[in-house]
Amino acid sequence: QTASSAIKGAIQLGIGYTVGNLTSKPDRDVLMQDFYVVESVFLPSEGSNLTPAHHYPDFRFKTYAPLAFRYFRELFGIKPDDYLYSICSEPLIELSNPGASGSLFFVTSDDEFIIKTVQHKEAEFLQKLLPGYYMNLNQNPRTLLPKFYGLYCVQSGGINIRIVVMNNVLPRALKMHFTYDLKGSTYKRRASRKEREKSNPTFKDLDFLQDMHEGLYFDSETHSALMKTLQRDCRVLESFKIMDYSLLLGIHILNSNMKEKEGESFQSTSDAKRPGAQKVLYSTAMESIQGPGKRGDSVTTEKTNT
């Protein structure tokens with residue numbers, strides 16, 4: 001198995017090359033064929049006329065639908081320089097709590113992006129969904145569906161590692177006191193004993209009903225916007241013929257006696273490194289629902305997960 005450090009290094013080199021290469025391509029409307037383009041570059045360790053030398057094993061880096069994903073990033077206000085800075089300037093951080101799928105998860109040092117490894121079928125399915133995903137983002141930019149910013153593949157030593165870059169809806173800078181994976185079903189929907197023993201467990205529907213028996217309270221405007229967004233998102237998932245999805249709910253309890261010092265210290269170091277950087281638009285659920293001007297009021301963070 002390829003070492004984690006080599007995977008992280010190859011991801012950074014590959015994305016650095018492909019995004020940099022995109023800047024030479026003029027802006028234009030996304031065409032249907034753009035969704036099915038796959039660009040490939042070979043990055044030998046000794047370097048080449050096009051690629052830098054590196055101390056990882058030779059690898060090939062594939063970029064799926066580069067122009068389409070460039071459009072998606074622009075739609076959410078992600079400038080190429082910011083995207084590269086977030087992903088390539090500091091080592092990626094591997095999350096120690098992988099999902100049930102066995103995927104590896106990495107987060108960028110500034111907490112902006114999650115990078116997840118995906119199986120071949122998942123990557124293939126996502127590529128097929130891109131035209132519909134494009135239509136959904138144009139009609140509903142404040143969707144709570146995952147926001148995909150890039151789909152790539154690292155090939156090395158006969159191994160294919162496919163990755164997707166997504167928005168990070170549960171940043172480490174803000175402690176989540178409770179996290180739930182909700183499907184709207186109660187059948188076998190209780191967190192396992194093994195999950196409960198984790199430092200940051202993800203609970204399920206029956207746990208939510210037990211812990212939050214009074215539910216969650218929103219002001220009427222936010223409640224209405226949330227329900228409307230969830231209905232629109234579920235309709236889109238239904239049109240994609242996707243059944244297995246859930247709502248990821250993070251709850252941060254506001255306590256006037258307790259300052260979130262770890263959050264403050266993380267934010268100050270992050271801001272010091274990256275002054276005036278433009279953050280991703282509508283990255284978290286409350287930003288998506290409430291829009292500009294209401295940031296900082298969020299108590300819960302929600303997102304529909306496929």
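Q: What makes strands S1 (residues 38–43) and S2 (residues 59–64) a pair?
A: Six bridges join S1 to S2, and the two strands run antiparallel. Two strands pair if DSSP finds at least two bridges between them, so six bridges qualify S1 and S2 as a pair. Within this pairing, Leu43 stands opposite Phe59 in S2. The model is predicted: local features need pLDDT of at least 70 and side-chain atom pairs count only at pLDDT 80 or more, whereas totals for chains, interfaces and linings use all residues. Residues are numbered from 1 along each chain as its sequence is written, and side-chain values use heavy atoms, with hydrogens and water left out.

Q: What counts as a helix or a strand here, and how many of each does the protein have?
A: Both are DSSP runs numbered from the N terminus, helices being H or I over at least four residues and strands being E over at least two. On that basis the protein has nine helices and 10 strands.

Q: Why is helix H1 (residues 4–22) called roughly antiparallel, rather than roughly parallel, to helix H3 (residues 80–88)?
A: The axes of H1 and H3 come within 10 Å and cross at roughly 170°. Angles over 145 degrees count as roughly antiparallel and those under 35 as roughly parallel (65 to 115 is roughly perpendicular, the rest oblique), so H1 is roughly antiparallel to H3. The axes are lines fitted to C-alpha atoms over the stretch in contact, and the angles run from 0 to 180 degrees between N-to-C directions.

Q: Which residues of H1 and H3 meet, and of what class are they?
A: Gln12, Ile15, Gly16 and Val19 in H1 meet Pro80, Tyr83, Leu84, Ile87 and Cys88 in H3, where contact means heavy atoms within 4.5 Å. By class, this contact has seven nonpolar, two polar and no charged residues.

Q: How do you know whether Pro131 is buried or exposed?
A: Pro131, also in H4, has 16% relative accessibility and therefore counts as buried. Beyond four places in sequence, Pro131 touches Met32, Phe35 and Tyr36. Pro131 and Phe35 are 96 residues apart in sequence and 6.8 Å apart in space, C-alpha to C-alpha.

Q: What marks the backbone of Ala65, and is Ala65 buried or exposed?
A: Ala65 has a positive phi of about 45° although it is not a glycine. Ala65 sits in the loop between S2 and helix H2 (66–75). Its relative accessibility is 0%, so Ala65 counts as buried.

Q: What marks the backbone of Lys188, and why is Lys188 called buried or exposed?
A: Lys188, likewise not a glycine, has a positive phi of about 55°. Lys188 is found in the loop between strand S8 (178–182) and helix H5 (193–196). At 67% relative accessibility, Lys188 counts as exposed.

Technical notes: Nonpolar A, V, L, I, M, F, W, Y, C, P; charged D, E, K, R; others polar. Buried < 20%, exposed > 50% of the residue type's maximum accessible area, 1.4 Å probe, protein only.
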